[in-house]
Amino acid sequence: MASYDLIVIGAGPGGYVCAIRAAQLGLKVACVEGRDSLGGTCLNVGCIPSKALLHATHQLHEAEENFEKMGLTGARPKVDWKAMQAYKDDVIAQNTKGVEFLFKKNKVDWLKGWASIPRAGSVKVGEETHEAKNIVIATGSDSAALPGVEVDEDRVVTSTGALSLPKIPKRMAVIGGGVIGLEMGSVYARLGSEVTVIEYLDRLIPGSDGEVAKQFQRLLKRQGMSFILGASVQGAEVLKTKTKLSYKLRKDDSEHMLDTDVVLVATGRKPYTEGLGLDALGVKLTEGGQIATDKRYATNIDGVHAIGDAIEGPMLAHKAEDEGMAVAEILAGQAGHVNYGVIPGVIYTHPEVAAVGETEETLKEAGRAYKVGKFAFMGNGRAKANFAADGFVKILADKETDRILGAHIVGPYAGDLIHEICVALEFGAAAEDVARTCHAHPTYSEAVREAALACGDGAIHA
Ligand code: NAI
């Protein structure tokens with residue numbers, strides 16, 4: 001048995017960042033993780049491996065679509081699925097080992113095993129019980145089940161199974177037109193699978209800017225993906241040679257069937273808190289099943305805190321990381337804080353989609369007067385040179401004060417470009433501040449400046 005200032009349960013982006021920050025601030029810290037490697041869902045079966053496959057398949061797409069246009073000729077690359085999987089696994093190993101190194105460097109003890117909390121101040125791992133002045137639960141989330149669709153991680157898979165299918169399927173049906181469905185769907189579409197996305201709502205990526213969602217759908221369609229919107233999936237039947245998916249169209253309740261090979265269930269995730277003993281401990285949950293916390297990430301039990309996907313808010317690795325740092329700072333006597341108004345969201349397809357702050361829809365709902373500055377990548381020299389001129393930047397600013405309220409980008413490196421607007425939002429900048437900032441030429445980021453100019457007297461290249 002050992003005694004710590006802090007035991008963090010879970011070594012995903014929320015937990016491991018929390019543990020490292022707390023150790024940097026002088027606390028004696030351990031982090032419990034039951035997987036064989038650190039990094040949680042994100043590094044092992046989420047963000048990182050999916051980005052490896054997105055990167056590899058984007059290179060394939062470039063070779064197939066654009067190499068000849070640039071005078072690069074020769075044999076087309078062939079897909080060696082086993083080798084692509086090995087590349088992905090190597091990326092995972094490099095990243096998870098990196099966290100192990102950071103734990104050693106910062107003197108964070110890795111307690112290997114699955115944790116439970118027998119009482120406040122104690123964490124049980126295997127047969128050993130450790131004492132802790134404070135506990136942070138950072139156990140993340142798991143794929144949500146869909147009634148009538150039984151996951152076997154073989155022919156009916158979650159994002160985990162979709163990362164390592166034994167072979168590239170001829171046909172794939174994706175249930176859910178959200179982030180996971182579109183990222184993994186576009187991986188397999190580029191690998192040659194016929195991908196059909198079935199989405200319950202009449203649009204993709206709910207909650208995002210409507211104009212972005214429409215443009216994004218058009219671009220994905222051009223890449224060969226098909227969409228059935230306004231449809232609710234009723235069930236999946238795995239047969240010897242195919243999988244049959246039944247769905248109902250919401251507009252007229254008509255029933256339909258779709259034959260496919262593999263089904264990816266991507267209809268959301270739910271907090272993962274099994275085995276912690278929260279019931280017996282008396283930890284309060286929200287109606288949605290998340291651990292209820294106050295603004296300082298404290299649960300109703302003294303000394304027990306929670307962060308990340310296990311609590312309310314967007315299920316994003318970077319939101320969990322920020323909460324991990326904030327709670328570590330609070331426990332070390334500092335003023336930890338997360339600005340929930342400035343959490344970017346990114347979809348790592350090609351082109352990427354990124355957003356931060358308000359959408360036109362939320363501003364209309366709030367009755368706030370706003371203006372729109374929009375600039376298409378078609379007018380950006382770099383984008384044209386790189387066959388990346390699809391999409392646009394849209395900045396929303398207050399009609400009277402010009403203060404930036406949000407931004408929505410579909411286009412090349414949107415996930416990187418959005419951070420200029422994140423900083424602008426943190427500093428309460430006006431669109432004119434961004435418009436008057438010199439941007440290097442030729443860069444994609446000039447499109448952000450042009451959108452800011454479009455909030456005022458007009459963009460130059462539009
Ligand atoms: P999601 O919430 O983004 O999308 C789920 C979609 O499924 C929604 O559009 C919903 O309307 C639809 N849906 C629900 N039930 C349905 C049904 N019966 N039939 C048809 N459609 C149905 O969830 P997703 O994509 O599973 O991702 C889970 C979480 O992981 C999200 O919070 C997401 O933000 C996060 N994530 C983030 C990534 C990123 O930041 N790039 C990458 C992957 C996941």
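**Entry 1: Thr196.** I looked up the contacts of Thr196 and found that Thr196 touches Met172, Ala173, Val174, Ser226, Ile228 and Leu258, leaving out residues up to four places away in sequence. Contact here means heavy atoms within 4.5 Å. Thr196 sits in strand β10, residues 194-199. Helices (H or I, at least four residues) and strands (E, at least two) are DSSP runs, numbered from the N terminus. Is Thr196 buried or exposed? Thr196 counts as buried, at 14% relative accessibility. I noted the cut-offs: buried is under 20% relative accessible area, exposed is over 50%, and partly exposed is in between (1.4 Å probe, protein chains only).

**A note to myself.** This is a predicted model, where local features need pLDDT of at least 70 and side-chain atom pairs count only at pLDDT 80 or more, while totals for chains, interfaces and linings use all residues. Residues are numbered from 1 along each chain as its sequence is written, and side-chain values use heavy atoms, with hydrogens and water left out.

Entry 2: I found Gly391 in the loop between α11 (381-385) and β21 (392-398). Gly391 is buried, at 6% relative accessibility. Apart from neighbours within four places in sequence, Gly391 is in contact with Gln215, Ala376, Phe377 and Val410.

Which residue forms a salt bridge with Asp390? My answer is Arg222, with the closest N and O atoms 2.4 Å apart. A salt bridge is a side-chain nitrogen of Lys or Arg within 4 Å of a carboxyl oxygen of Asp or Glu. The bridge links distant parts of the chain, 168 residues apart: Asp390 is in the loop between α11 and β21, and Arg222 is in helix α7 (residues 210-222). Asp390 is partly exposed at 29%, whereas Arg222 is exposed at 60%.

Entry 3: Glu183 is buried, with a relative accessible area of 6%, while Lys51 is partly exposed at 24%.

I then looked at Arg368, which forms a salt bridge with Asp398, the closest N and O atoms being 3.1 Å apart. Finally, I wrote down a network of salt bridges that links Asp209, Glu211, Glu360, Lys374 and Lys394.
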